2 protein chains.
Amino acid sequence: MYRLCEYIHFRYVNKIRDNSYIKAFGYHLRELRTKKELSQEELAYSADIPISQIGRIERGEVNTTISTINALAKALNDHPKVLLDFKV
Amino acid sequence: MYRLCEYIHFRYVNKIRDNSYIKAFGYHLRELRTKKELSQEELAYSADIPISQIGRIERGEVNTTISTINALAKALNDHPKVLLDFKV
DNA sequence: ACGATACAACGCATATATGCGTTATTCTGA
DNA sequence: TCAGAATAACGCATATATGCGTTGTATCGT
């Protein structure tokens, strides 16, 4: 039975998203940014990311992707792994 | 002029996604997994992620989120930063 | 008081990550 | 050679990350 998905109705649930982890990441990013005395706007400009997205990340509203982490790391002159170096 | 977005037509472009970086990440994840002699299916089960998603990540087809990295790290008994510890 | 600066919060668009199933292909050991 | 295991690849659904603009709020120096 190919293409069974077309005929079966099921409820989609994203199980992976982890709010406590993305909040911890946002807090950590804010610490890295403020320690380097950068404003959100300056970081946004360096990383070529909209400032609104920087805000959402720091407030822990979004489940950031590794490409974004890479862009932020370059803007902060850090290795990407530094951005994940925090405790939950 | 509030809600200007409603009236202005503009083309949306995702500038952040970085295919070479997500490919390098996938290759690195595959190395971590095979070094521990785990099949994709075993890793998928431990991390509670669909096996098809593990495959897509390792083939560098998707821009993985930090929640997924966290889940994979737990399943691999590594700190999340280990998953970003690679060269592009 | 007031203008400037920083950040929060919203509104809405598109692209895509994930979930979950199936089918196709490749690898591997007896 | 060939059956089973592992992986690739596909199909399609929903949730959401991002892009880009605006408005709201707080702080601060003057």
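**Close-up views of a two-chain predicted model**

**View 1. A salt bridge between B:Lys15 and A:Asp48.** A salt bridge joins the side chains of B:Lys15 and A:Asp48, with 3.2 Å from N to O. The model is predicted, and side-chain atom pairs are counted only at pLDDT 80 or more. Across the interface of chain A and chain B, four salt bridges are found by the rule. The elements of chain A that give two or more residues to the side touching chain B are α1 (19–35), α4 (66–76) and α5 (80–83). Of these, α4(A) gives the most, with six residues.

**View 2. The interface of chain A and chain B as a whole.** Chain A puts 25 residues into the contact, and chain B puts in 25 residues. The size of an interface is often given as the accessible area lost when the parts come together. Here the area buried between chain A and chain B is about 2200 Å². Carbon and sulfur atoms give 60% of that area. The rule also finds 12 residue pairs in polar contact across the interface, with both residues at pLDDT 80 or more.

**View 3. A:Asn63 and its partners in chain B.** A:Asn63 sits in the loop between α3 (51–58) and α4 of chain A. Its side chain makes a polar contact of 3.0 Å with the side chain of B:Ser67. A second polar contact, of 3.2 Å, links the side chains of A:Asn63 and B:Thr65. With neighbours within four places in sequence left aside, A:Asn63 is in contact with A:Arg17 and A:Ile22 in chain A, and with B:Thr65, B:Ile66 and B:Ser67 in chain B. The relative accessible area of A:Asn63 is 15%, which is under the 20% cut-off, so A:Asn63 counts as buried.

**View 4. A:His28 in helix α1 of chain A.** A:His28 is placed in helix α1 of chain A. Residues up to four places away in sequence are not counted here; beyond them, A:His28 touches A:Val82, A:Leu83, A:Asp85 and A:Phe86. The relative accessibility of A:His28 is 12%, and the residue is classed as buried. One of the residues it touches, A:Phe86, belongs to an aromatic cluster together with A:Tyr21 and A:Phe25.

**View 5. Aromatic pairs around B:Phe86.** Over all chains, the structure holds four aromatic pairs. In one of them, the ring centres of B:Tyr21 and B:Phe86 are 5.3 Å apart and the planes stand at 35°, so the pair is tilted. B:Tyr21 belongs to helix α1 (residues 19–35) of chain B and B:Phe86 to the segment after α5 (80–83), so this pair ties together parts that are 65 residues apart in sequence. Both B:Tyr21 and B:Phe86 are buried. B:Phe86 also forms a tilted aromatic pair with B:Phe25, at 6.3 Å centre to centre and 55° between the planes. B:Phe25 lies in helix α1 of chain B, so its pair with B:Phe86 ties together parts that are 61 residues apart in sequence. B:Phe25 is buried at 1% relative accessibility, and B:Phe86 is buried with a relative accessible area of 10%.

**View 6. The buried side of helix α3 of chain B.** In helix α3 (residues 51–58) of chain B, the residues B:Ile54, B:Gly55, B:Ile57 and B:Glu58 are buried. These residues cover an arc of only 165° around the axis, which puts them on the same side of α3(B). An α-helix has 3.6 residues a turn, so residues three or four places apart point the same way. The cover over the buried residues of α3(B) includes α1, α2 (40–47) and α4 (66–76) of chain B. After α3(B) comes B:Gly60, with a positive phi near 75°.

**View 7. The helices of chain A.** Chain A has five helices and zero strands, and its elements run α-α-α-α-α from the N terminus on. Chain A has 88 residues, of which 41% count as buried. Among contacts in chain A between residues at least 6 apart in sequence, 63% join residues at least 24 apart.

How values were computed:
Residues are numbered from 1 along each chain as its sequence is written. Chains are lettered from A and ligands numbered from 1 in the order in which they are written. This is a predicted model: local features need pLDDT of at least 70, side-chain atom pairs count only at pLDDT 80 or more; totals for chains, interfaces and linings use all residues. Side-chain values use heavy atoms; hydrogens and water are left out. Rings of Phe, Tyr and Trp (its six-membered ring) pair if their centres lie within 6.5 Å; planes under 30 degrees apart count as stacked, over 60 as edge-to-face and the rest as tilted. Helices (H or I, at least four residues) and strands (E, at least two) are DSSP runs, numbered from the N terminus. Buried means under 20% relative accessible area, exposed over 50%, partly exposed in between (1.4 Å probe, protein chains only). The arc is that of the directions from the helix axis to the C-beta atoms. Contact means heavy atoms within 4.5 Å. Buried area is the accessible area (1.4 Å probe) that two parts lose on being put together, summed over both. A polar contact is a pair of N or O atoms within 3.5 Å; within protein, one must be able to donate a hydrogen and the other to accept it, and residues adjacent in sequence count only if both atoms are side-chain atoms.
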